[in-house]
Protein chains: 2
Amino acid sequence: MTKPPQKHPRRTVTLRDVARETGVSISTVSIVLNQSRLSKNLSVQTRIRVEEAARRLGYTPDPVARSLKNRHSQTVGVMIFDITDPYCTRLLKGIEGALVKTQFLPLIMSVQNKADIFHRYWKLLHERRIEGLIIVPNWATLSAEKVIEGLQQVPCVVIGSAHSRDHMSCITIDNAGGGTKALAHLYELGHRAIAVLRGPENILASRLRWRGIQKFSKDAGLHLDPAICMEMRALPDASSTFEEGYRLTSELLSTQHPFTALLAFDDLAAAGAIRAFHDLGRSVPRDCSVIGFDDIPHAQLISPSLTTMRQPLEQMGAMSVETLLMHIQAKDEGKIHKAVSQMLEVELLVRRSTTPRE
Amino acid sequence: MTKPPQKHPRRTVTLRDVARETGVSISTVSIVLNQSRLSKNLSVQTRIRVEEAARRLGYTPDPVARSLKNRHSQTVGVMIFDITDPYCTRLLKGIEGALVKTQFLPLIMSVQNKADIFHRYWKLLHERRIEGLIIVPNWATLSAEKVIEGLQQVPCVVIGSAHSRDHMSCITIDNAGGGTKALAHLYELGHRAIAVLRGPENILASRLRWRGIQKFSKDAGLHLDPAICMEMRALPDASSTFEEGYRLTSELLSTQHPFTALLAFDDLAAAGAIRAFHDLGRSVPRDCSVIGFDDIPHAQLISPSLTTMRQPLEQMGAMSVETLLMHIQAKDEGKIHKAVSQMLEVELLVRRSTTPRE
DNA sequence: ATCCCTTATTCAAACGTTTGAATTAATATC
DNA sequence: GATATTAATTCAAACGTTTGAATAAGGGAT
């Protein structure tokens with residue numbers, strides 16, 4: 001397995017070399033090595049002779065030449081809207097892990113949540129003949145949905161945003177269910193005066209989570225006092241929910257409305273809330289329980305560690321790859337893989353930031 | 001006979017199309033559009049005619065065909081040793097941002113700190129004809145250095161680890177200086193009993209930072225009590241410093257040795273330390289000031305926000321790209337760009353976790 | 001010998017570029 | 001008028017594959 005230090009003229013081994021070595025034509029070698037349709041006629045001895053020689057010479061096919069010939073690049077694009085969002089870490093890991101088991105490699109681009117950058121990158125990726133695209137509109141402001149529409153030409157999977165065009169699959173989580181579960185958790189701990197930090201109205205996930213929260217409230221007969229349900233403003237990027245969480249919580253505390261638990265739109269907002277409590281001399285969870293949403297890596301690092309609704313991000317990444325591959329394969333065969341829409345459950349992860357009401 | 005059955009009416013525009021349109025040969029078009037050496041002979045009118053037509057038809061060169069011809073892939077690899085390390089976020093942003101201004105696109109791979117995976121990925125990247133490689137051995141256990149040696153064939157830049165082989169540039173930070181500055185900060189705040197959480201011995205940065213700490217201690221005549229200088233064990237990955245920081249700090253507190261400040265190897269260790277204080281009912285910074293190192297995104301999220309030595313990670317990423325491009329360009333011209341070793345300063349970022357000794 | 005199957009293998013044309021060398025035409029030099 | 005020089009453009013080969021069509025080599029059966 002060790003390669004002796006080859007001298008400089010280390011030309012790569014091509015089909016031609018293998019052909020010359022075995023005294024057979026280039027075509028034959030190609031046919032054998034690809035086990036292509038024609039190979040079923042080939043005599044067994046040629047086949048093994050070629051295979052043996054290929055191995056001996058260390059032949060590896062040139063993906064570039066191959067791409068040129070058959071319009072396959074063995075590459076998929078990954079468009080992240082905001083790569084500094086900690087939400088992406090686990091997701092990327094899942095994508096990368098699944099992808100590398102296949103013949104595909106990812107081109108990861110960070111769009112900075114700008115439509116024009118998206119288009120520029122899309123053009124780049126398109127030129128490179130990417131065979132599929134995974135889109136992660138992790139902080140999709142309004143424009144994003146329109147942006148995505150333009151892409152007819154390549155199989156797509158969207159993660160996190162239920163965006164089901166017929167040629168475009170999506171992987172989402174049950175945001176409403178998550179909202180319900182989160183509130184249920186606080187309720188079961190005995191809390192009744194519960195503050196809510198809703199996400200911005202322009203984010204779909206906000207509306208869904210809020211819907212789930214309302215549903216539980218209604219079903220359980222729990223009154224949600226509008227005075228302690230705050231809504232975030234529209235924010236420029238995902239990371240801003242931290243500051244916004246801080247701001248709203250400070251505000252909340254200054255109104256003197258009592259509450260014993262707080263449900264935050266996401267983990268960053270929850271972290272911001274905890275900071276606010278901290279700064280005002282309150283303690284979490286003693287004075288107030290806090291629950292987040294997402295389970296970003298931060299969540300277990302802050303003090304106290306954060307109870308949250310865990311998104312199965314690695315799984316979502318892997319699943320997006322899987323789905324994308326099906327689309328690609330179908331397209332190769334001239335068919336169309338009908339777009340699917342998969343929704344995953346989120347899971348309550350109890351850490352230290354929530355506690356029973358005394 | 002012509003082929004009427006056009007499969008895709010959306011056939012991409014090639015040089016041939018532009019040539020046909022302008023009544024000139026393919027070569028000419030290529031020469032004009034590349035402004036290649038031969039183009040200085042071309043008549044101005046042909047040139048503008050071609051350029052105009054190319055624009056009108058929306059010609060874009062096919063990177064794949066181009067790669068095949070001239071062995072350039074316009075692609076660089078980025079090998080991250082541990083992509084879940086929050087240290088990478090800002091770095092990636094810097095790399096990506098700088099790269100996208102050029103003609104290059106990144107293939108980002110996460111090696112999971114395993115030598116064999118590194119080799120497998122390297123092979124993949126090599127096959128893809130990457131023109132350069134950025135290596136981020138962000139938690140390089142012993143083996144890594146050897147691993148890197150094998151790569152003779154492509155321009156390389158290593159980030160974060162002073163690894164100066166003659167064909168390989170590196171971007172590092174002044175770890176020793178950072179250690180010095182960090183301790184100086186605590187000292188200037190009036191702290192004299194200072195605990196230190198040293199990084200694992202097998203990590204180069206640990207040794208350097210410790211050296212800087214010792215230097216300040218000597219210069220300032222500050223005694224560092226060995227009883228409160230702990231050293232981390234060898235750890236499997238970067239994120240483990242959190243737990244290790246927690247563990248060591250708990251231990252530290254149990255020994256009853258008094259100290260008023262703590263200098264942690266990195267931000268995660270500092271976060272672990274803060275958690276430990278928190279769990280034992282101590283308050284940061286009231287009972288003890290804590291300083292970290294790196295300024296990962298977490299640092300401003302934990303409570304209290306973390307005073308730390310900020311690494312200019314975006315800049316390092318951008319700089320690595322810049323350096324890599326010089327290597328690549330030199331190689332294209334048949335020269336060799338002598339490897340350079342750039343060291344950047346780290347900057348003290350005072351937040352809320354450090355405070356003057358009452 | 002002719003015809004027709006198989007079976008095993010090769011031809012040759014693409015894919016879209018780049019580029020040293022060749023070609024042509026026009027102009028200057030002797 | 002012959003020749004060299006220059007300018008403007010094109011030829012043609014190459015990069016390493018893939019693959020439908022063509023070929024060749026063996027049989028039989030008539």
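**View 1. Strands E6 and E8 of chain A, side by side in a predicted model.** Look for A:Leu197, whose bridge partner in E8(A) is A:Ala264.

**View 2. The whole chain A sheet, with its strands in the order E7-E6-E8-E9-E10-E12.** Six strands make up this open sheet, and their pairing is mixed. At the edges sit E7 (229–231) and E12 (347–349), each pairing on one side only. Going from one strand to the next, the twist averages 15°.

**View 3. Helices H8 and H11 against the chain A sheet.** H8(A), residues 175–188, lies across E6, E8, E9, E10 and E12, and runs at about 160° to E9(A). H11(A), residues 267–279, packs on the sheet too, touching E6, E8, E9 and E10, with its direction at about 155° to that of E9(A).

**View 4. Where helices H1 and H3 of chain A pack.** H1(A) (residues 15–22) meets H3(A) (residues 44–57) at an angle of about 125°, and their axes are 9 Å apart. That makes the two helices oblique to each other, and their crossing is right-handed. H1(A) brings A:Asp17, A:Val18, A:Glu21 and A:Thr22 to the contact, while H3(A) brings A:Arg49, A:Val50, A:Ala53, A:Ala54 and A:Leu57. Sorted by class, that's five nonpolar, one polar and three charged residues.

**View 5. Strand E10 of chain B and its two partners, E9 and E12.** With E9(B), residues 289–294, E10(B) runs parallel through four bridges; here B:Asp294 partners B:Arg310. With E12(B), residues 347–349, E10(B) runs antiparallel through three bridges, and B:Met309 stands opposite B:Leu348.

Notes
Residues are numbered from 1 along each chain as its sequence is written. Chains are lettered from A and ligands numbered from 1 in the order in which they are written. This is a predicted model: local features need pLDDT of at least 70, side-chain atom pairs count only at pLDDT 80 or more; totals for chains, interfaces and linings use all residues. Two strands pair if DSSP finds at least two bridges between them. Axes are lines fitted to C-alpha atoms, for helices over the stretch in contact, and angles run from 0 to 180 degrees between N-to-C directions. Angles under 35 degrees count as roughly parallel, over 145 as roughly antiparallel, 65 to 115 as roughly perpendicular and the rest as oblique. A crossing is left-handed if the near helix is turned anticlockwise from the far one by less than a right angle, and right-handed if clockwise. Two residues are in contact if their C-beta atoms, placed from the backbone, lie within 7 Å. Ala, Val, Leu, Ile, Met, Phe, Trp, Tyr, Cys and Pro count as nonpolar, Asp, Glu, Lys and Arg as charged, and the others, Gly among them, as polar.
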